[in-house]
Amino acid sequence: MLNFFGGSMSVQSEVEMKFSDSLVAFIEEWKNKPGNLIMILHKVQEEFGYIPREAAKRVASMLDVPLAKIYGVVTFYHFFKLTKPGKHNIQVCMGTACYLKGGEDIIQELENILGIGVNQVTPDGQFSLEAVRCVGCCGLAPVMVIGDEVFGKLTKEQLPEILAKFQES
């Protein structure tokens, strides 16, 4: 294809994000229901682990809503992620009990050990780090969750051993 000035112009075609059949069916089922956007975005994140830009575009197209509306919802609610989390997502509780019993110290030590900050992923993609509001284990403060494992009454000294367990898997 030639442009106005006689040079060649590349044609970029956007590759459509591949959704599973069950996700497409879910979107179709919820398409016209009130409150559908949050439910659909939860399902998208369940499938990908986060909301990829291409997925947000496809949802916007399927629901006939502006992409800005999708991003408005995703950025308003802390549950949604715009970047792919690490293989092992570390969530450190910063609810009142955990904060008072050293949650911030746990985060700082994890940042030192992993070499990343909160809401970042290690270069090898193994770990990501999040500060979360409350995980409902206040009696075990301070608490950290990795995957579906809860670690309570944490000390900074325990962290290297816990992380080593996940580096092997």
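What follows is a working chat about a predicted model of a protein.

Q: To start with the overall fold, how many helices and strands does the protein have?
A: In this predicted model, the secondary structure comes to seven helices and five strands, and read along the sequence these follow the pattern α-α-α-α-β-α-α-β-β-β-β-α.

Q: And how much of the protein is made up of buried residues?
A: Buried residues make up 37% of the 169 residues. As for contacts with a separation of 6 or more, 57% of them are accounted for by residues 24 or more positions apart.

Q: What about α1 and α2, at what angle do they pack?
A: Helix α1, which covers residues 21-30, packs against α2, residues 36-48, at an angle of about 175°, and the two axes are 10 Å apart. The two helices are therefore roughly antiparallel to each other, since an angle over 145 degrees counts as such.

Q: Which residues make that contact?
A: From α1 the contact takes Leu23, Phe26, Ile27 and Trp30, while α2 brings in Asn36, Met39, Ile40, Lys43, Val44, Glu47 and Phe48. By class, the residues of this contact divide into eight nonpolar, one polar and two charged.

Q: Switching to pockets, what's the volume of the largest one?
A: The largest pocket holds about 650 Å³ of space. Its lining consists of 25 residues, and those that lie nearest its centre are His78, Phe80, Asn119, Glu130 and Ala131.

Q: Which elements give two or more residues to that lining?
A: Those elements are α4 (67-76), β1 (88-93), β2 (120-121) and β3 (127-132). Of these, β3 gives the most, with five residues.

Q: How does the lining split by class?
A: The lining of the largest pocket has 14 nonpolar residues, together with eight polar and three charged ones.

Q: Which other non-glycine residue has a positive phi, say around 55°?
A: Asp64 has a positive phi of about 55° and is not a glycine either. Asp64 lies in the loop between α3 (53-63) and α4, and at 70% relative accessibility it counts as exposed. Its C-alpha atom is separated by 9.5 Å from that of Lys31, a residue 33 positions away along the chain.

Q: Now Met94: where is it, and is it buried or exposed?
A: Met94 is found in the loop between β1 and α5 (96-100). Met94 counts as buried because its relative accessibility is 17%, and buried means under 20%.

Q: What does Met94 touch?
A: Leaving out residues up to four places away in sequence, Met94 touches Tyr99, Gly103, Glu104, Ile107, Ala131, Val132 and Arg133. For Val132, which is 38 residues from Met94 along the chain, the C-alpha atoms of the pair are separated by 5.7 Å. Ala131, another of the residues that Met94 touches, is also listed among those nearest the centre of the largest pocket.

Q: Last one: which residues does a cis peptide bond join?
A: A cis peptide bond joins Ala141 and Pro142, with omega at about -10°. Pro142 is found in the loop between β3 and β4, the latter covering residues 144-146.

Technical notes. Residues are numbered from 1 along each chain as its sequence is written. This is a predicted model: local features need pLDDT of at least 70, side-chain atom pairs count only at pLDDT 80 or more; totals for chains, interfaces and linings use all residues. Side-chain values use heavy atoms; hydrogens and water are left out. On a 1 Å grid over the protein atoms alone, a cavity is a set of points where a 1.4 Å probe fits but cannot get out, and a pocket is an open set with protein on both sides within 12 Å along at least five of seven lines; lining residues have an atom within 4 Å of a point. Grid points are joined across faces, edges and corners, and a volume is the space filled by probe spheres set on the points. Helices (H or I, at least four residues) and strands (E, at least two) are DSSP runs, numbered from the N terminus. Ala, Val, Leu, Ile, Met, Phe, Trp, Tyr, Cys and Pro count as nonpolar, Asp, Glu, Lys and Arg as charged, and the others, Gly among them, as polar. Axes are lines fitted to C-alpha atoms, for helices over the stretch in contact, and angles run from 0 to 180 degrees between N-to-C directions. Angles under 35 degrees count as roughly parallel, over 145 as roughly antiparallel, 65 to 115 as roughly perpendicular and the rest as oblique. Contact means heavy atoms within 4.5 Å. Buried means under 20% relative accessible area, exposed over 50%, partly exposed in between (1.4 Å probe, protein chains only).
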